[in-house]
Amino acid sequence: MQSVREEESSSIDQEPRSCGDNSVWAHVSPLLSAACSDLNECELIHGDNFNLFAAMSALEIMDPKMDSGMVSTFYSIDEAIESGFAPVPISSDRTVDVQCIIDIMDHLLACEATWHMGHSLAQTVFSCIYVLRPERTSSHALLHSFCRVIRATCRALVSVVSDARTNELRACKATSSKRRVFEARRKANDFVFVVCRMMQNWNLYKLIRNWKRAFAKLCYAGYVFHFLHALNCMRRPQGRGLELARKHIAYCIAELESVLSSVEFLSLETVENGKNEMEESTTGSGRHPIGFDPNLNKRLSAPTPPRAIKLLSWKKVGTSKFSAIDYYVKLLHNLDQICAFKLEPDLDAVLQFVVQFQKSRPDLVARAHLQLLLVQDGKLYGRDTFLTICARSLALDVTKNHGLHLNEYILQLNQLMINLLKILCANTPWQRRKLGKILNDWSIFNVQMGITVGHMMQQVTTPRTPKNGDKSALILNHIYGWLEEQIHWVALRFLVLGFDLKLYSPSEYCMVYWYMYIILWKLAEKAHFRVLIIVHTEEQKAKKKEDYSRDMAREDRISLWVLLLKCQTSLAQGLTVMIAALRNEGMCLKSQGPFNTENEKFVQHFGLLQKASLPKYDAYESFSESTCHARLDYLPVYECFRDAQKMAKEIKVGYANDPDKLAEVVGLEQVAEHNIIAVNLLCQDRCLKVSFEFIHHPHFATAVVRRS
């Protein structure tokens with residue numbers, strides 16, 4: 001190695017030499033370093049013989065798939081095994097052997113968490129030779145069981161994520177590993193007691209300390225076992241394994257707590273390594289694990305950058321922001337939240353749960369499980385068709401109308417609802433992008449269904465005594481109204497996600513809240529119409545059957561939902577007029593820039609909504625006309641915020657048993673209250689500075705008034 005380095009250093013210092021073909025070879029590292037230091041962000045190097053096309057056509061050095069001369073420690077798994085890189089047993093000293101296995105477990109779970117975050121499986125979990133060749137560890141019960149369960153867990157997760165994307169892969173169970181895990185624990189106990197008899201008193205404390213460390217880390221074996229079975233239980237059809245999955249998740253959380261309790265023992269021998277090394281370590285002890293080579297499967301990695309990955313640290317220490325333990329704790333709580341969801345055939349409850357669940361920013365694994373739970377075999381939870389769900393939302397009975405299930409529009413509606421639920425389970429950027437695109441599909445379907453339902457309703461001659469065909473027409477007519485409500489709900493979700501992604505600048509809040517006001521007003525109108533349909537239907541059923549009991553809880557729930565929409569409508573209207581007044585009086589920046597006009601920004605943000613005819617008139621022209629004459633002393637500003645405040649106080653009573661909804665309503669009330677105060681102050685002193693911040697609610701801004 002020393003001779004090689006000397007040759008390299010000597011070659012660096014050499015002068016450029018001629019190759020005889022009018023070409024001169026020179027070492028370019030200093031030139032590249034100087035160029036990198038001079039280049040600013042978004043700048044490129046361009047020369048007469050080196051342009052962008054040449055740069056894109058060049059072969060990248062250190063590309064695992066392109067650079068055949070890339071130096072590696074080992075070029076195959078067999079070569080690594082023959083060199084003794086992953087020995088079995090790891091050490092003849094049983095204490096050292098246990099410590100090394102603990103480090104392998106730590107590092108493997110850090111690799112798995114990094115893989116969950118989106119990195120390559122070949123560079124994370126499959127960088128472990130023990131996992132790649134588990135048959136070599138058959139003589140070591142604990143390590144063998146752990147590696148087998150890790151492989152089975154990877155298969156299960158690949159199956160879940162693939163199925164969520166409409167691909168089918170075979171899931172693998174590892175039920176035999178349960179016996180091996182408990183057998184390993186029993187052997188570990190026997191081993192400790194036998195060695196304790198042989199050890200002297202001065203070594204007994206050290207052995208007990210190692211055993212405490214080992215026992216806490218052996219909880220990892222129990223964790224991976226329960227985690228695998230929790231995943232398998234959640235995959236059972238129609239949510240039949242959710243209760244059992246919650247028990248396994250509870251065991252997983254308990255095992256992780258035992259793991260965390262071993263931190264002080266694991267860090268006793270790492271004092272000499274230094275704090276910085278401990279912060280970046282993927283093991284609790286701070287040592288480097290045995291049997292891992294991230295470049296072993298380099299040719300299976302993606303050829304696109306970034307290829308170098310940074311594994312999550314084992315535990316958050318010092319300046320580290322996120323750790324593998326933190327990831328697993330969050331994942332387990334998200335999975336437990338899914339398992340605790342009551343599988344009611346109520347679409348409103350499903351949509352509310354998905355929206356609330358997405359607020360915790362769940363990762364891919366949790367979102368994939370939620371999607372597979374909601375949509376199974378083209379049905380909600382795998383048991384209820386969306387026609388049944390829709391009819392239940394309207395208090396309609398479709399059990400006797402078997403022909404409706406084969407209706408062309410019902411089949412299309414079923415597919416639209418499936419796609420909607422899948423999109424709602426996606427990550428936030430992808431969700432917003434797809435929601436904007438499917439709005440056009442929903443709008444086209446709405447127009448087509450409206451024409452057909454209109455013709456069918458014209459053929460209904462005796463609506464008081466309808467026949468079976470007439471009943472189908474009436475049901476489709478109600479579903480058509482319900483469809484318009486769902487379209488406006490999707491549009492509202494599209495607008496709201498823009499706040500979560502921070503796509504709106506303060507100068508654009510006026511147009512955003514104006515659009516939200518239009519959508520909310522129409523959504524509240526459609527929801528109120530649905531309440532009237534439900535009340536009318538329930539009254540008709542009560543007249544026919546004396547012992548019929550009305551579902552008052554459902555009526556109250558929808559009525560509260562309508563009142564909440566009206567509260568949000570008043571807030572959006574008040575913010576629109578308030579921001580427009582500030583802009584017109586020069587107290588707030590207008591939406592101006594050197595590149596895009598206000599009209600162009602309006603189209604950029606809401607072009608997909610206008611394409612879906614939401615609203616059906618010229619939106620920008622209506623926005624300009626309704627905001628150009630706004631002033632601070634305009635009385636409806638006060639009324640909008642005060643109306644929202646009054647409605648929020650009424651809604652709080654109805655949501656007293658729902659903490660999530662109650663917290664949202666309290667936030668809306670505080671936004672209305674603070675904005676009333678801000679308007680009063682601005683009317684008294686026009687020299688005050690005003691800004692809008694999301695202090696009390698993530699989507700409705702609060703005006704903050706300051707003196708200059």
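## Contacts of helix α22

Contact here means heavy atoms within 4.5 Å. In this predicted model, Glu598, Asn599, Phe602 and Gln610 of α22 meet Ala619, Tyr620 and Phe623 of α23. By class, this contact between α22 and α23 comprises four nonpolar, two polar and one charged residues.

Helix α23 spans residues 619–627, and its axis comes within 10 Å of that of α22, with a crossing angle of roughly 125°. The two helices, α22 and α23, are therefore oblique to each other. The crossing of α22 past α23 is right-handed.

## Packing of α20 against α22

Helix α22 (residues 598–611) also packs with helix α20 (residues 509–544); the angle is about 30° and the axes are 11 Å apart. That angle makes α20 roughly parallel to α22, because angles under 35 degrees count as roughly parallel. The crossing of α20 and α22 is right-handed.

On the α20 side, Met511, Val512, Trp514 and Tyr515 take part, and they meet Glu598, Lys601, Phe602, Phe606, Leu609 and Gln610 of α22. Seven nonpolar, one polar and two charged residues make up the contact of α20 with α22. Glu598, Phe602 and Gln610 are among the α22 residues that meet α20, and Glu598, Phe602 and Gln610 are also among those that meet α23.

Serine 570 belongs to helix α21, which covers residues 552–584. With a relative accessible area of 11%, serine 570 is buried, because buried means under 20% relative accessible area. Apart from neighbours within four places in sequence, serine 570 is in contact with Cys640, Asp643, Ala644 and Met647.

Serine 281, by contrast, is found in a loop, between α12 (275–280) and α13 (324–339). Its relative accessibility is 8%, and serine 281 therefore counts as buried. A polar atom of the serine 281 side chain lies 3.0 Å from the backbone oxygen of threonine 283. When residues up to four places away in sequence are not counted, serine 281 touches Gly286, Arg287, Ser313 and Trp314.

## The chain as a whole

The helices described above belong to a protein chain with 25 helices and six strands. Of the 708 residues in the protein chain, 47% are buried.

Contacts between residues at least 6 apart in sequence were also examined for the protein chain; 73% of them join residues at least 24 apart.

Notes:
Residues numbered from 1 in each chain as written. Predicted model: local features only at pLDDT ≥ 70, side-chain atom pairs only at ≥ 80, totals over all residues. Heavy atoms only, no water. Axes fitted to C-alpha atoms, helices over the stretch in contact; angles between N-to-C directions. Helix = DSSP H or I, 4+ residues; strand = E, 2+ residues; numbered from the N terminus. Parallel < 35°, antiparallel > 145°, perpendicular 65-115°, else oblique. Left-handed = near helix turned anticlockwise from the far one by under 90°. Nonpolar A, V, L, I, M, F, W, Y, C, P; charged D, E, K, R; others polar. Buried < 20%, exposed > 50% of the residue type's maximum accessible area, 1.4 Å probe, protein only. Polar contact = N/O pair within 3.5 Å; in protein donor to acceptor, adjacent residues only side chain to side chain.
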